Amino acid sequence: MVLGVKAIPFTFVAHVLAILGLVLVLVWTLDFRGGFAWEAPNKSLIFNLHPFLMLVGFIIIGGEAIISYKSLPLRKDVKKLIHMVLHAIALALGILGIYTAFKYHNESEIANLYSLHSWLGIGIIVLYGIQWLYGFLVFFYPGGTIGLRSDSVPWHVVFGLTVFTLAVGNAAIGFLEKLTFLENTGLAKYGSEALLVNFTAVITILFGAFVILSVLSQSPAEDDENSYSAI
């Protein structure tokens, strides 16, 4: 713990930003970009699943999993289960989101893995999976020794926040990359869609910041039973 303030205000703002991010990405993909499709002649509808799944499924749900220890007034074992399940959902949706990008590229005859965004994305999802698997084996089942769990907690937290921060940063790069492509094909640089994409990226970064602030602040209760370090 670093900050001598309560986590609740930070978690509240994070929840609000999560809802706002969900709304903005839906407005962009549904209203401006034409919606979603798994199979369609217009391959852009397949791509639209990528930003939605990565922002809502991977970053927002992943962020909510992180702050669940600071925002839920429940027993430690219940919060541990929620934390693990939310991260599993985020990981699954993140993998699906990456798959949709490959699907779009393959069906559109576009090269894969040529950009920094794609390189980082693959690396981040692998690190996320390693983090989840280690946490499951050590903290949940079969479970490590008390000493191993105690020694692993700070590294688990730091590694998790590092991967989450990388994911947020890579999402911002992804929004910039897509917006640049759109502007190069005629999208107005100061038009409503360009502003919407930039605002979505800003909201994503702010959400990540408030998730981190919540982890670095005090839990609702002072004892270890409700603390993030009691994973």
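**Exercise 1. Pair up the charges**

Task: Which partner does Asp-77 meet in a salt bridge, and is Asp-77 buried, partly exposed or exposed?

Solution. Keep in mind that you're looking at a predicted model.
- Step 1: Look at the side chain of Asp-77; it meets that of Arg-75 in a salt bridge, 3.1 Å from N to O.
- Step 2: Check that against the cut-off, which is within 4 Å.
- Step 3: Now the accessibility. Asp-77 has 44% relative accessibility, so it counts as partly exposed.
- Step 4: Arg-75 has 51% and counts as exposed, because the cut-off for exposed is over 50%.

**Exercise 2. Follow a network**

Task: Find the salt bridges of Lys-103 with Glu-39 and Glu-107, then work out which residues the network joins.

Solution. 
- Step 1: The structure holds five salt bridges. One of them links Glu-39 with Lys-103, with the closest N and O atoms 2.9 Å apart.
- Step 2: Compare their surroundings. Glu-39 is exposed at 54% relative accessibility, whereas Lys-103 is buried at 7%.
- Step 3: Go on to Glu-107, whose side chain meets that of Lys-103 in a salt bridge of 2.7 Å, N to O. Both of these residues lie in helix 4, four residues apart, or about one turn of the helix. Glu-107 is partly exposed, with a relative accessible area of 29%.

**Exercise 3. Sort the rings**

Solution. 
- Step 1: The count of aromatic pairs comes to nine. In Trp-38 and Tyr-99, the ring centres are 5.7 Å apart and the planes stand at 25°, so the pair is stacked. The cut-off for stacked is under 30 degrees.
- Step 2: Trp-38 is in the loop between helix 1 and helix 2 and Tyr-99 is in helix 4, so the pair ties together parts 61 residues apart in sequence. Trp-38 is partly exposed at 38%, and Tyr-99 is partly exposed at 45%.
- Step 3: For Phe-47 and Tyr-104, the centres are 5.2 Å apart and the planes are at 55°, so this pair is tilted. Phe-47 lies in helix 2 and Tyr-104 in helix 4, so parts 57 residues apart in sequence are tied together.
- Step 4: Phe-47 is buried at 11% relative accessibility, and Tyr-104 is buried at 13%.

**Exercise 4. Explore the pocket**

Task: Which helix supplies the largest share of the lining of the largest pocket?

Solution. 
- Step 1: Start with the volume, which is about 690 Å³ for the largest pocket. Of the 34 residues that line it, the closest to its centre are Phe-47, His-50, Ala-101, His-117 and Glu-177.
- Step 2: Check the helices. Helix 3 (49-71), helix 4 (76-107), helix 5 (116-140) and helix 6 (146-184) each supply at least two lining residues.
- Step 3: Helix 6 gives the largest share, nine residues.
- Step 4: Sort the lining by class, and you get 22 nonpolar, ten polar and two charged residues.

Definitions and conventions
Residues numbered from 1 in each chain as written. Predicted model: local features only at pLDDT ≥ 70, side-chain atom pairs only at ≥ 80, totals over all residues. Heavy atoms only, no water. 1 Å grid on protein atoms, 1.4 Å probe; cavity = no way out; pocket = protein on both sides within 12 Å on 5 of 7 lines; lining within 4 Å. Points joined across faces, edges and corners; volume = space filled by probe spheres on them. Nonpolar A, V, L, I, M, F, W, Y, C, P; charged D, E, K, R; others polar. Buried < 20%, exposed > 50% of the residue type's maximum accessible area, 1.4 Å probe, protein only. Phe/Tyr/Trp six-rings, centres within 6.5 Å; stacked < 30°, edge-to-face > 60°.
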